[in-house]
Structures are given as C-alpha cells and as structure tokens.
Amino acid sequence: MKLVIYIRAMIAAVLFAVGTGVLSAIGVVSNIIFNRRKFDNFIVEIWGKLAFFLFNVELKVYGLENMDKVKGAVILFNHASFMDIFTICKGLHNIRFGAKIELFKIPVLGACMRRFGTLPIARGNREEVFRVYEEAKVRFARGERFCLSPEGGRFRADQLLPFKAGPFVFAINAQVPLIPVVIKGAYEVWPKGKILANSDRWKRTIELHVLPPVETKGYTTETRGPLQEKIYKMMNDVYTSH
C-alpha cells in the first residue's frame, strides 16, 4: 500500500506541475486580452482545487461568514507548508498574496503572479517591502484582500512564531481590517523540504479557520503592539487547540 501511495504522489506531482503551467499560461493570456478580475479569481480557485484533488486532500472551512463582513482587508495566515497557499486559494475568494520576490523568476508562473497583482516581497529589504505596501494601498478601495504571513515565512512549531510588524503596518496605514486565518493540517500533507505532497497516507484533511475581522482604526504604527498581541493570541489559541 505504501508503494501505491508513493507512486500516486509522484504522478500527482507531475500532473500538478503541468496543470500549474497550463493555468498560468491561460491566466497571462486572458489577463492581457480581457483583464477581468472574476476570471483571474476563477483561475486562482481552480489552482487550489486542482492541488486538493490530485493530492487527495479534503478541506473543511470554518467561519467563512467572517469574510463577508469586510471587503478590502489584510488576511493574516500561519505559514508552515506550500499547501497553505492552495488551501487559501480553494477556501477563500477574491484574494491575492504577498510572495517572496524569488518566485517571480519562475517562468510563466511568475508572469501570471505579476499580471494577477501578487505583491513582490523582498525579504531582508525592509524599505522595498514598505514601498510595495504603500503602492498597494489604493487597491483596497476596490475591495482587494491581501494574504500575508505575519511569521515571515514557512515555519513549523508547537506555537506560532512571534509576528513581524510589516503586515500590521500595511493594514494600519491603509486603515483596513485584519482577518486572522488559521490553517491546520497543511504541514502534514506537504512538510517543508519534501518534494512530494501526501506521500505517506492515502487521504488527509486540512482545516481552515476564518476568525472575526479586527479593525485597525485608532491604532498607529507606533501603538500597534496591543493589536499584534491580540491577533497573535486569537490565532495561537486556535492553532494550539485540539
């Protein structure tokens, strides 16, 4: 049975890579010709659904109604696995990510990310990151929601790592709400450092918890401390619950 599962995982990886290339190419062409946000969103959602289908993973979403309470917002999510991205693509709607700038160098996929409005995050260059955030502020008025990891990258621990300031400064300066999101089970599907997803079990389940939005009004970048602590506690309580 283990051999069958491993072979399935290898086939799924190849099919997913091909599917990613095809979807990215369609996304670039359609965006250049039509530039329709709804179709871009459709491509993003299909990408997430493709990952869950090929890797044989079930998604359970809790608190989705909290997404309907706001339009323009910053979504904060814990990040331990590549599977987190596909979880959000499948489970949430009308979202865009902030992604490390190295990913934009991937042929076709990088072009699609740029066309769709993904934010290029240059880790280690604080000034550049805040410049990108400043330019993106106007997009909140169009109801856009950006997904960012306050931990700053993919990490796996018993508790969430301390949050970085960037996403909070972004939301406070734009005066938009923060939507905390907690993902559980993604690391088990695709651990950091592994090439194949879900290569040791036939089927797994991921949980996506959407917590109530938190307003940033009344906070400044200098007084963001209590806001960060509040959201950290909200997310960590769900993350560590069984």
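Which residues are linked with Arg37 in a network of salt bridges? In this predicted model, the network joins Arg37, Arg139, Arg142 and Glu144.

Start with Arg37 and Glu144. They form a salt bridge whose closest N and O atoms are 3.4 Å apart. Arg37 lies in helix 2, while Glu144 sits in the loop between helix 5 (126-136) and strand 5 (145-148), so the pair ties together parts that are 107 residues apart in sequence. Arg37 is partly exposed, with a relative accessible area of 26%. Glu144 has 6% relative accessibility, and it is buried because the cut-off is 20%.

Glu144 also meets the side chain of Arg139 in a salt bridge, at 2.7 Å from N to O. Arg139 counts as buried too, at 14% relative accessibility.

Another salt bridge joins Glu188 and Arg156, with 2.9 Å from N to O. This pair links distant parts of the chain: Glu188 belongs to helix 7 (residues 186-189), Arg156 to the loop between strand 5 and helix 6, and 32 residues separate them. Both ends are partly exposed: Glu188 has a relative accessible area of 32%, and Arg156 has a relative accessibility of 45%.

Now turn to helix 8. This helix runs over residues 225-239. Its 15 residues should span 21 Å at 1.5 Å a residue, and its end C-alpha atoms are 21 Å apart, which agrees. Its buried residues are Leu227, Gln228, Ile231, Met235, Asn236, Val238 and Tyr239. Viewed down the helix axis, these buried residues fall within an arc of 155°, so they line one face of helix 8. What covers them includes strand 2 (73-77), helix 6, strand 6 and strand 7 (204-210). The face turned away from the buried side carries the exposed residues Pro226, Glu229 and Lys233.

Finally, look at the backbone in two loops. Most residues other than glycine have a negative phi. Asn35 is not a glycine, yet its phi is positive, at about 50°. Asn35 lies in the loop between helix 1 (2-33) and helix 2 (37-54). Asn35 is exposed, with a relative accessible area of 54%. Gln175 also has a positive phi, near 55°. Gln175 is found in the loop between helix 6 (166-174) and strand 6 (178-184). Gln175 counts as partly exposed, at 36% relative accessibility.

Conventions:
Residues numbered from 1 in each chain as written. Predicted model: local features only at pLDDT ≥ 70, side-chain atom pairs only at ≥ 80, totals over all residues. Heavy atoms only, no water. Helix = DSSP H or I, 4+ residues; strand = E, 2+ residues; numbered from the N terminus. Buried < 20%, exposed > 50% of the residue type's maximum accessible area, 1.4 Å probe, protein only. Expected span 1.5 Å × (residues − 1). Arc of directions from axis to C-beta. Contact = heavy atoms within 4.5 Å. Salt bridge = Lys/Arg side-chain N within 4 Å of Asp/Glu carboxyl O.
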